Amino acid sequence: MTPDVLIEKADRVLTLRLNRPDKKNAFTNAMYDRLTEGLAQAAADDDVRVILFAGSPDCFSAGNDLADFLNNPPTSSDSPVGRFMRALLDAEKPVIAAVSGMAVGIGVTLLLHCDFVYVGEKTKLRMPFVSLGACPEFAASFVIPRLAGHPKAAELLMLGRFFDAATAERIGLCNAVLPNADVEAQARATAAELVALPPNALKVTKALMRRWPAQQTREAMDFEADHFMPMLQQPEAREAFSAFAEKRKPDFSHF
């Protein structure tokens, strides 16, 4: 069976490819574990200079697989998703994301911790945490307001509306918007530029750029998790998840 995350090394670039197209690349705990393994592999291999996240041409990720998420919800910072988040935050080498099709939930928030992000012009992005009876994660409540300003962040995080690639570029979430077919090629062209540069100079520059907000980012991520995990067990989230499973509109009027 083909794994749901492919780890491919070529030209000093380690590609972590989400490979579950029949489920829109929705994350499972097993996928988080494999991504964490891939990030550890990249850190340990001196021949790897750049890490690249990619998905399918028509979908980066639809977010968490809700069935797997409900059956195995995160209960501590040592959960698979927690380990993945910390591994990405701690990545010393440049990280690039090639995003096309759809990006939802963690499929958006992981982009906040990449160094370069390229988005297809037809991509639709969304952070629907509130509509699921939960709250933002992966330090989104800290990073998004600082990128977009509070009013736009409220629209994206509270209302959880879909937004387009042009909006992602306008608020500073990505480097460029490209035709969907060109996104990964541009990501690899940037990777090739980075591979040719002095690796220690890149590592130090990334560390300096990340140094100043790093403590606040980690504190925000942990503080969000302290709220996020209990909220999954509360009535609002149960109604949201039940409605999703039953393919109906959730009813929050009695809360």
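Two strands are taken to pair if DSSP finds at least two bridges between them, strands being DSSP runs of E with at least two residues and helices runs of H or I with at least four, numbered from the N terminus. This is a predicted model, in which local features need pLDDT of at least 70, side-chain atom pairs count only at pLDDT 80 or more, and totals for chains, interfaces and linings use all residues. Residues are numbered from 1 along each chain as its sequence is written, and side-chain values use heavy atoms, with hydrogens and water left out.

**Strand S2 and its partners**

- Strand S1 (residues 5–10) runs antiparallel to S2 and is joined to it by six bridges, with Ala 10 opposite Val 13 of S2.
- Two residues separate S1 and S2 in a hairpin, and Asp 11 in the turn has a positive phi of about 55°.
- Strand S3 (residues 50–54) runs parallel to S2 through five bridges, and Leu 52 of S3 is the bridge partner of Thr 15.
- In S2 (residues 13–18), six of six residues are buried, that is, under 20% relative accessible area with a 1.4 Å probe and protein chains only; Val 13, Thr 15 and Arg 17 lie on one side, and Leu 14, Leu 16 and Leu 18 on the other.

**Packing of H1 and H3**

- Helix H1 (residues 29–44) packs against helix H3 (residues 80–89) at an angle of about 25°, with the axes 8 Å apart, the axes being lines fitted to C-alpha atoms over the stretch in contact and angles running from 0 to 180 degrees between N-to-C directions.
- H1 and H3 are therefore roughly parallel, a term for angles under 35 degrees.

Conventions
Angles under 35 degrees count as roughly parallel, over 145 as roughly antiparallel, 65 to 115 as roughly perpendicular and the rest as oblique. Buried means under 20% relative accessible area, exposed over 50%, partly exposed in between (1.4 Å probe, protein chains only).
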